[in-house]
Amino acid sequence: MSGGDIKLVGFLCNWCSYAGADMAGTSRMAQPAEMRIVRLPCTGRVNPLLVLKAFQEGADGVLVSGCHPGDCHYNEGNYYAHRRLELLSRMMAVYGIEPERFRYTWISASEGARWAETVTGFTETIRPLGRLNLAGGGARDDDHHQGPAAGSASPAEKR
Amino acid sequence: MNGIVDTIKNVLKETDLVLGWTTDPVTGVATPARFHDEKEAEQAVFDSTCAHNLAVHLPRLKDSRVGIVAKGCDARSVIELIIEHEVQREQLAVIGVGCGSLLDVKKIWRRYGYGVAIKDRDDSLLIGGEQVNRDEFIQRKCHGCLEADPDIYDVIAGEVTGEIPTDTVRPHPLHDMFVSLTPAERRSFWREQFSRCIRCYACREVCPMCFCRDVCIMQTQIPRWAGGAVDAKQSEMIQLIRVNHLAGRCTGCGECERACPVGIPLMLLLDEQNHAIEEMFAYGAGASLKARPPLLVFDVNKDIWGKG
Amino acid sequence: MRIGVFVCQCGTNIAATVSTERVASAAMALRDVVHAESIQYTCSDPGQRTVIAAAHKYALDRVVIAACSPRMHETTFQRTMAQAGINPFMMEMVNIREHCSWIHSDMEVATEKAIDLVSMGVAKVRGQTPLFSSHVPVVSEVLIIGGGVAGIQAALDIADAGMPVTLVERGPTIGGNMARLDKTFPTLDCSSCILTPRMVEVKHHENIRLMVNSEVEQVRGYIGNFEVDIRKKATCVDEEKCTGCQICEQKCPSEAPDEFNAGVGETKAISIAFPQAVPLVASLRKEYCRLYIKGKCGICKKVCPADAVDYEQEDELHTEKFGAIVVATGYELFDWRQAYPHYGGGLYPDVITSIQYERMLSASGPTGGHIQRPSDGAEPKEIVFLSCVGSRDESIGRPLCCKVGCMYIAKQAILTREHIPDSRTYVFYMDVRAGGKGYDEFYRRAQKEAGAVYLRGRVGKIYPRGGKLVVMGADTLVGENVEVEADLVVLATGIDAAAGAGSLAQRLNIPYDQYGFLSESHPKLRPVETTTGGIFLAGACQGPKDIPETVAQASAAAAKVIVLLSHDELETSPMIAEVNHMRCIGCFKCREVCPYHAIEEQGLRDGRRVAVVIESLCQGCGLCTVACPPSVISLRGYTDNQLIEEVTAVLR
């Protein structure tokens with residue numbers, strides 16, 4: 001992972017925020033490099049468990065971003081998401097995760113600058129907090145290992 | 001006014017079976033029982049050792065007409081199950097019982113020996129003939145008791161308890177310690193707690209609202225929310241799954257924590273979530289038959305928590 | 001599993017900050033990746049052929065393409081997959097351009113990030129299964145929002161193709177801004193002579209239903225199947241009965257500002273915007289009407305020979321279904337007064353805007369085609385034009401070019417000489433932008449034939465002196481300050497998107513910029529499409545345009561609509577929800593949250609009641625997957641395990 005030690009994951013809806021992040025790119029708006037974006041159809045697809053799973057697997061911050069209330073491509077998705085995500089954000093401290101490490105926001109397809117600002121602000125919030133190390137306690141789940149294959153086998157060998 | 005035996009006998013005229021308690025011949029404390037006829041019903045009891053929430057059986061008895069003896073806390077589970085269409089009200093006869101807090105039998109046994117004689121009468125608790133401070137031995141879950149008397153019933157057995165004075169409601173015994181911890185300290189706290197978990201799933205098995213049963217995602221590979229290892233990380237994940245699944249549904253009956261064989265304070269998590277739900281939606285699961293689970297609806301005008 | 005990874009250089013767009021070779025070699029180390037290479041332009045024909053050849057050579061069954069945004073080229077590469085004999089959905093795009101190379105400058109950092117993103121894509125595509133599309137019926141009716149020349153052109157083209165069109169206009173007449181123009185550049189043909197026949201054609205076309213005084217309130221649904229709420233506002237006049245005789249307007253005692261004439265002259269509270277209005281129907285503006293202000297009048301109702309006036313009329317709400325939507329909401333002129341206090345900020349009556357001047361030039365305008373000074377009605381002799389008022393002016397935060405100002409100043413200078421032969425015109429300009437066909441010739445004609453004096457420089461101040469206006473500017477070509485004493489100053493004001501365009505865009509869920517101009521899907525290749533399928537753009541709502549460009553774009557949008565609706569059915573995305581009914585517990589929480597009522601209850605042979613997704617209704621939002629307690633609903637293409645793998649891949 002580049003751009004410092006922390007790892008950030010963004011869950012973005014395809015229709016607004018992902019397009020907003022695209023617009024920030026098209027406009028060449030410089031941003032910190034810690035963020036890794038996962039594209040989803042809608043914030044309504046964001047299972048709170050997915051956010052918690054990300055923290056467990058080593059994320060130091062998770063950002064969820066979707067369409068503004070009323071602008072959801074699926075009309076209602078972000079309203080349900082709003083309730084789920086707000087509850088999740090209130091539970092963060094209970095789980096032992098600094099509440100600042102989780103954020104949800106609404107960014108439209110035209111708000112490229114706002115996306116760049118949000119990523120920058122979020123990254124700057126997490127940097128001083130450092131690594132979360134939620135996964136620290138337990139060993140990694142054995143049957144979860146699907147990482148790099150040993151060495152760099154040539155295609156021929158793999159065939 | 002009828003005693004528990006007569007009430008169950010009466011209810012059995014209309015139902016296939018009644019879920020209640022009988023006395024365990026070895027220990028002398030109450031244990032859950034199913035009564036199918038008048039003869040069996042003769043063995044029914046209700047006392048302060050009837051800690052179990054019998055509503056857990058209801059989703060598995062969908063095809064029967066069922067009677068159930070329910071304390072105030074159990075009745076909230078019954079209501080929530082009806083709201084979620086897991087139980088049909090018409091199929092159900094609720095025998096309400098008043099409850100004046102339950103005894104933590106295991107704690108007594110640990111202190112005074114297994115099977116010690118327990119006599120609990122009107123503010124005096126005799127253990128092995130010795131008078132003790134009753135307050136010391138009540139169930140943890142009764143500390144946060146919201147309702148001593150059931151909100152839903154067809155018939156009442158015995159006497160109701162009446163309103164609980166609000167000043168008797170105490171938070172979880174570990175609450176004050178827990179809230180004083182920083183997030184990092186809480187991480188260590190939970191890691192330590194979950195390192196004891198043996199993944200017996202007792203928390204799930206006793207929970208009336210955990211009715212996914214055989215397809216519970218704590219154990220599935222599709223999807224693989226939690227890995228199969230028995231370690232603090234995976235155990236924490238399965239509790240995060242439970243807590244999330246119980247959002248807006250947990251009635252706070254405290255059975256998960258009571259059943260946990262390694263003493264993980266699960267209600268710390270659920271109490272906090274219930275509190276957040278109450279704050280956000282003015283909602284308490286199992287409080288009203290008319291309520292709609294808060295995460296299955298939204299309100300454009302009221303859902304304004306100022307984020308985004 | 002045999003995965004191929006293709007890392008696009010996008011010329012230097014990616015390769016300048018991401019080492020695509022390193023990304024490709026890192027990808028080779030990922031599980032199940034049997035081939036990885038870097039390609040200069042993957043989306044180009046040779047690039048796609050490289051992918052297809054590699055797919056055959058290495059017997060690939062899954063592909064990851066690390067390139068631009070999937071919103072740009074996902075469908076392109078899905079087609080490539082089909083050509084390579086791989087199911088199109090077995091391809092995952094990884095965005096290393098918009099989300100990486102374009103926002104980072106450090107090659108090391110950007111390359112590492114790109115490697116991460118590729119490993120996420122590989123992890124996700126490993127969990128992908130082949131998907132197959134189904135088909136849904138398409139509503140053949142088209143909604144066009146805005147009745148200016150763009151909306152009119154699009155409506156006529158689509159209607160001529162045999163498809164029913166509903167043209168919604170929020171004002172009382174169609175015609176838009178073009179109807180207010182006297183002549184058009186560079187041919188000087190009369191604007192209304194070109195436009196009015198088209199307006200009448202709209203009115204009489206059997207496939208067009210015209211709804212004026214109407215606005216789009218809510219839009220639901222999706223491409224091929226939109227459901228739109230249209231509010232038809234009460235105007236106190238029965239459109240069916242009104243004959244357009246204008247007796248009401250003559251007798252009406254309440255004066256009202258004349259918006260059509262840009263405030264030159266006044267009209268009445270009940271009026272018809274202009275004599276060629278379509279429909280030729282009066283409408284009443286309650287905010288100026290004596291009956292509504294003072295509670296006493298009712299003259300128009302008394303004098304109306306057709307009994308068309310109805311004070312009790314109420315708004316009507318229509319809900320209609322459409323297969324496609326064309327947005328043609330046009331532009332409005334920038335309100336210069338706040339931004340330019342040094343031009344008087346609107347206090348000097350003889351500093352007017354070019355549209356006000358245009359209305360004076362019009363023979364059917366409020367002055368009957370006579371140019372008059374607003375202050376005293378005298379014929380001006382010395383007339384100064386200022387270009388770029390609210391355009392190309394960084395000092396007020398408006399760097400955009402209005403695109404038409406240079407040409408309409410030239411036009412107005414030429415027309416001024418025709419109207420007042422002994423007049424003298426001065427033009428303060430920044431640059432003259434005359435790039436169209438015949439445009440430069442036209443601008444030179446203004447100088448040579450009409451004698452317009454062009455001075456290059458921005459005007460610093462305008463102030464009144466002895467019944468005249470002193471225009472102080474600089475001639476930057478000569479390097480001298482210039483002072484002109486003018487009888488009349490005409491400001492060529494900039495262009496903004498029409499008021500409310502932004503909020504309409506939000507209702508349509510399409511992006512827009514800071515001026516309210518709506519964003520096209522791709523500036524070069526998808527200029528009339530929006531990022532929302534089935535919604536198209538025509539005319540100045542997308543950005544400043546002149547008439548020929550507007551009409552061309554409107555016809556382009558019409559062509560896109562006709563293509564879309566030429567099929568009875570539309571292929572739907574197979575990326576929808578699916579219930580594993582063997583594991584469904586029948587709690588139906590999915591049904592409670594589904595916005596499309598796409599979940600139904602079904603009995604199984606073993607007696608269990610389970611949830612089933614109605615494929616034609618499901619839009620793939622995934623709300624149900626989260627509501628499902630045992631997670632047995634999966635959203636195809638975004639399953640829980642795919643997302644878990646995608647996330648854990650990068651955190652490992």
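**The second largest cavity and its surroundings**

Author: In this predicted model, the second largest cavity has a volume of about 190 Å³. Its lining consists of 19 residues, and those nearest the centre are A:Tyr18, A:Ile37, C:Met93, C:Asn95 and C:Glu646. Two or more lining residues are given by each of β2 of chain A and, in chain C, β4 (91-95) and α5 (107-126). Sorted by class, this lining has 10 nonpolar, 3 polar and 6 charged residues.

The contact between chain A and chain C may be considered next. Here 64 residues of chain A are in contact with 62 residues of chain C. The area buried between these two chains is about 5400 Å², with carbon and sulfur atoms giving 55% of it. Across this interface there are 3 salt bridges. The side chains of A:Arg36 and C:Asp116 form a salt bridge, at 2.9 Å from N to O. Polar contacts link 16 residue pairs across the interface of chain A and chain C, both residues being at pLDDT 80 or more. On the side of chain A that touches chain C, at least two residues come from each of β1 (8-13), α1 (17-26), β2 (35-40), α2 (48-56), α3 (77-95) and α5 (155-158) of chain A. The largest share of that side, 7 residues, belongs to α1(A). Its residues divide into 32 nonpolar, 18 polar and 14 charged.

The count of cavities of 30 Å³ or more comes to 18. The largest cavity has a volume of about 360 Å³. It is lined by 24 residues, of which B:Asn244, B:His245, B:Leu295, C:Val626 and C:Ala627 are the closest to its centre. At least two lining residues are supplied by each of α2 and α3 of chain A, α9 of chain B and α17 (623-627) of chain C. The element that gives the most to this lining is α3(A), with 5 residues. By class, the lining of the largest cavity comprises 15 nonpolar, 6 polar and 3 charged residues.

There remains the contact between chain B and chain A. It takes 44 residues from chain B and 42 residues from chain A. The area buried between them is about 3900 Å², and carbon and sulfur atoms give 60% of this area. Chain B and chain A are joined by 4 salt bridges. A salt bridge is formed by the side chains of A:Glu57 and B:Lys233, with 3.4 Å from N to O. On the side of chain B that touches chain A, α7 (183-194), α9 (232-245) and α11 (266-281) of chain B each supply at least two residues.

How values were computed
Residues numbered from 1 in each chain as written. Chains lettered and ligands numbered in written order. Predicted model: local features only at pLDDT ≥ 70, side-chain atom pairs only at ≥ 80, totals over all residues. Heavy atoms only, no water. Contact = heavy atoms within 4.5 Å. Buried area = accessible area lost by both parts, 1.4 Å probe. Helix = DSSP H or I, 4+ residues; strand = E, 2+ residues; numbered from the N terminus. Polar contact = N/O pair within 3.5 Å; in protein donor to acceptor, adjacent residues only side chain to side chain. Nonpolar A, V, L, I, M, F, W, Y, C, P; charged D, E, K, R; others polar. 1 Å grid on protein atoms, 1.4 Å probe; cavity = no way out; pocket = protein on both sides within 12 Å on 5 of 7 lines; lining within 4 Å. Points joined across faces, edges and corners; volume = space filled by probe spheres on them.
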